[in-house]
Amino acid sequence: MHYEDVGQGPVALFVHGVGTSSYLWRNVIAELRDERRCVAVDLPLHGGSEPQEDLSIPALAEAVEELCQELGLDQVDLVANDTGGAVAQIFAVRHPERLRSLTLTNCDVHTNTPPEAFEPTVQLAADGHLAALTAAVLDQPELVAQTAFGDGYERIDDAKALVDNFLRPIFAKEDGGRAFERLLTSIDAEDMVAIEPQLTVLAVPTLVVWGTGDVFFDKKWAYWLRDTIPGVREVVEIEGGRLFFPDERAGELVPHLRRFWASLD
C-alpha cells in the first residue's frame, strides 16, 4: 500500500473511507506533523495503492495490519473516518496489542453498514453502472464533486482537488472502475455485526468525535459505540459537522486528539 509518512514522534495512523484517500487527512497532519509521526494510508485501490482481489472490510483491515508489520508500527494512535472507521473497528478487535488508542469519527457502525443514504450508490455499483457513469464525467469536477461528495462537506472550495485526489486515482488504474464497484458491493453489515461481542470487551482507550450534521451516520451511532465499547472515554460532538469534517474542520478535531492523547501519557 501507498502511504504518507511525515513528522517524528509517537505514531498517529490515519485511515480514510471508500472513495477518498490519505489526502483526506492533509489538514490534520499539517497541524500535527511537528509533534507526531503521521502515517496516512491509501487503502487498496485508493490513492497510490493498487487493488487487491478481496476488497471486503475485513480484508482492508488485514491490509492495514500488513502495512504496520512492514513499517514496524506498534502502539499507534489510530484515527479513522467513514468506511475506514469500520476497518479500524475490525483492526482493533483483531490486533488490540497494536493500538495505544483508537479515535473514531463519523463512520460505518454495526447494522448501519453501508448507511441507507449511500445505498443508491451501492445499487448502481451492483448493477454495473457506476464505473461507466463516473468515468464519463470525471472531467467535470464541479459536477462530480457535488454528486459524490456534496453531502459529505458543508462547502466544497476546490472541486478539482477532491476529484484529482479521491476519484481520479481509482479510475486511472487498470479496471479500477470495476474494482471500485466490487469494493462497494462487498461492504456488508454482517462483518460488523459479527464483531459486536469482541467490541463489548475492547479495552483500548477510545475517543469518539462525531459531526452532528451527517446524513449518512447519525449521532446515535456515536453513542452506540460508547455503550458498546468499554474503552470509550468520551463522545465529542462537532456541531453541524458532516461526514468529512476531519478535512474541512480539522482545526476542531486536532485539539480533541491532543487532549485525548495527552491523557494517556
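Analyst: Leaving aside neighbours within four places in sequence, K173 is in contact with L45, H46, G47, S49, E50 and P51, where contact means heavy atoms within 4.5 Å. This is a predicted model, in which local features need pLDDT of at least 70, side-chain atom pairs count only at pLDDT 80 or more, and totals for chains, interfaces and linings use all residues. Residues are numbered from 1 along each chain as its sequence is written, and side-chain values use heavy atoms, with hydrogens and water left out.

User: Where is K173 found, and is K173 buried or exposed?

Analyst: K173 is found in the loop between helix 7 and helix 8 (176-186). Helices (H or I, at least four residues) and strands (E, at least two) are DSSP runs numbered from the N terminus. Buried means under 20% relative accessible area, exposed over 50%, and partly exposed in between, with a 1.4 Å probe and protein chains only. K173 has a relative accessibility of 12%, and therefore counts as buried.

User: Which backbone oxygen does the side chain of K173 reach at 2.7 Å?

Analyst: A polar contact is a pair of N or O atoms within 3.5 Å; within protein, one must be able to donate a hydrogen and the other to accept it, and residues adjacent in sequence count only if both atoms are side-chain atoms. The side chain of K173 reaches the backbone oxygen of L45 at 3.1 Å. At 2.7 Å, the side chain of K173 reaches the backbone oxygen of G47.

User: What is phi of L45, and where does this residue lie?

Analyst: L45 is buried, with a relative accessible area of 0%. This residue lies in the loop between strand 3 (37-41) and helix 2 (57-71). L45 is not a glycine, although phi is positive, at about 85°.

User: Is Q75 buried or exposed, or in between?

Analyst: Q75 is placed in the loop between helix 2 and strand 4 (76-82). Phi of Q75 is near 55°, a positive value in a residue other than glycine. Its relative accessibility is 43%, so Q75 counts as partly exposed.

User: How many nonpolar, polar and charged residues make the contact of helix 2 with helix 3?

Analyst: Helix 2 and helix 3 pack at an angle of about 65°, with their axes 8 Å apart; axes are lines fitted to C-alpha atoms, for helices over the stretch in contact, and angles run from 0 to 180 degrees between N-to-C directions. That makes helix 2 roughly perpendicular to helix 3, as angles under 35 degrees count as roughly parallel, over 145 as roughly antiparallel, 65 to 115 as roughly perpendicular and the rest as oblique. The contact is made by I57, P58, L60, A61, E62, V64, E65 and C68 of helix 2 and T83, A86, V87, I90, F91 and R94 of helix 3. With Ala, Val, Leu, Ile, Met, Phe, Trp, Tyr, Cys and Pro counted as nonpolar, Asp, Glu, Lys and Arg as charged, and the others, Gly among them, as polar, the residues divide into 10 nonpolar, 1 polar and 3 charged.

User: Is the crossing of helix 6 and helix 7 left-handed or right-handed?

Analyst: The axes of helix 6 (residues 141-149) and helix 7 (residues 159-172) come within 8 Å and cross at roughly 70°. A crossing is left-handed if the near helix is turned anticlockwise from the far one by less than a right angle, and right-handed if clockwise. The crossing of helix 6 and helix 7 is left-handed.

User: Which residues does A88 touch beyond four places in sequence?

Analyst: A88 is placed in helix 3 and is buried, with a relative accessible area of 1%. Not counting residues up to four places away in sequence, A88 touches L78, A80, L102 and L104.
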